[in-house]
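Subject: Structure for you to look at

Hello,

Here is the structure I said I would pass on. My notes follow below it.

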Amino acid sequence: MRVTGVERPREPSEPATTLLHVEMAQRYRHAVGSADPFYRGLDEGVLRATECTECGSTWFPPRRFCDVHLSETTWYDLPGTGSIVAATRVHSPPPFGGIEVPYVLASIRLDGVDGGITHRVTCDEIPERGTVVAVAFSNSRAAHPLLRIAFAVKEVTA
C-alpha cells in the first residue's frame, strides 16, 4: 500500500476532514482444483471439455460431474473451432481490463461439445450468425487465463 497524496480542507470554515489518496495492489494464488486440466490446456494451446462416460453428455465450460448420473466426467480436447450464434460490438471496457474498445463479443457454439462460450472475436465487422471461428492463443500475460484466448474469423457462411 502506498499513500500518494493528502488533501486537507482549504477554508477554516470547512469541516476538519483529511482525505488520503491510497494505491493498493493485491497478489493472490487461487487453486483451480478439478479444473486443472482445463487451465493446463490453455497453457498448452488446447481447449478442453468434459464428457459423461455413461450418457455421452459433454460440457464446455467443463464440469466435474454429470448432472444426471452424478458420475465423474472424463477430459478430452476440442478442435478449437465453432460457429457464431450471435455477436455485438462493445464500446465500454470490461471491468477486469486487458481489452481495448471497441471489440466484438460473440456467443460461440463450439464444435465437439454440447456447449459454447461467450468471448471476444478479433475482427472489424460484426460477424453474421453461422460464421466459422477458430480459437487463437496469445503468449502474453493476462489478468486471467481466459483473456489469453480470442476467436478469429475462419470462414464466413451465409
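Please keep in mind that this is a predicted model. The largest nonpolar core has 18 residues. Those with the most contacts inside this core are Leu 47, Phe 60, Leu 78, Ile 108, Leu 110, Val 121 and Phe 151. At least two residues of the core come from each of α1 (36–44), β7 (103–110), β8 (116–122), β9 (132–137) and β10 (149–155). Strand β7 gives the most, with 4 residues.

Now the chain as a whole. The protein chain has 1 helix and 10 strands, in the order β-β-α-β-β-β-β-β-β-β-β along the sequence. Its radius of gyration is 22 Å, whereas a compact globule of 158 residues would have one near 15 Å. The C-alpha atoms fill a box of roughly 75 × 40 × 30 Å along the principal axes. Buried residues make up 28% of the 158 residues.

Last, the surface. Val 3, Leu 20, Val 22 and Met 24 form a nonpolar patch there, with about 400 Å² of accessible area together. Val 22 lies in strand β2 (residues 19–23). Why is Val 22 called partly exposed? Its relative accessible area is 39%, and partly exposed covers the range between the 20% limit for buried and the 50% limit for exposed.

Regards

Note on methods
Residues numbered from 1 in each chain as written. Predicted model: local features only at pLDDT ≥ 70, side-chain atom pairs only at ≥ 80, totals over all residues. Heavy atoms only, no water. Patch = residues over 30% accessible without salt bridge, like charges linked within 9 Å, V, L, I, M, F, W, Y side chains within 5 Å. Areas by Shrake-Rupley, 256 points an atom, 1.4 Å probe, with all protein chains shown as cover. Salt bridge = Lys/Arg side-chain N within 4 Å of Asp/Glu carboxyl O. Buried < 20%, exposed > 50% of the residue type's maximum accessible area, 1.4 Å probe, protein only. Core = buried A, V, L, I, M, F, W, Y, C linked by side-chain atoms within 4.5 Å. Rg over C-alpha atoms; globule rule 2.2 N^0.38 Å.
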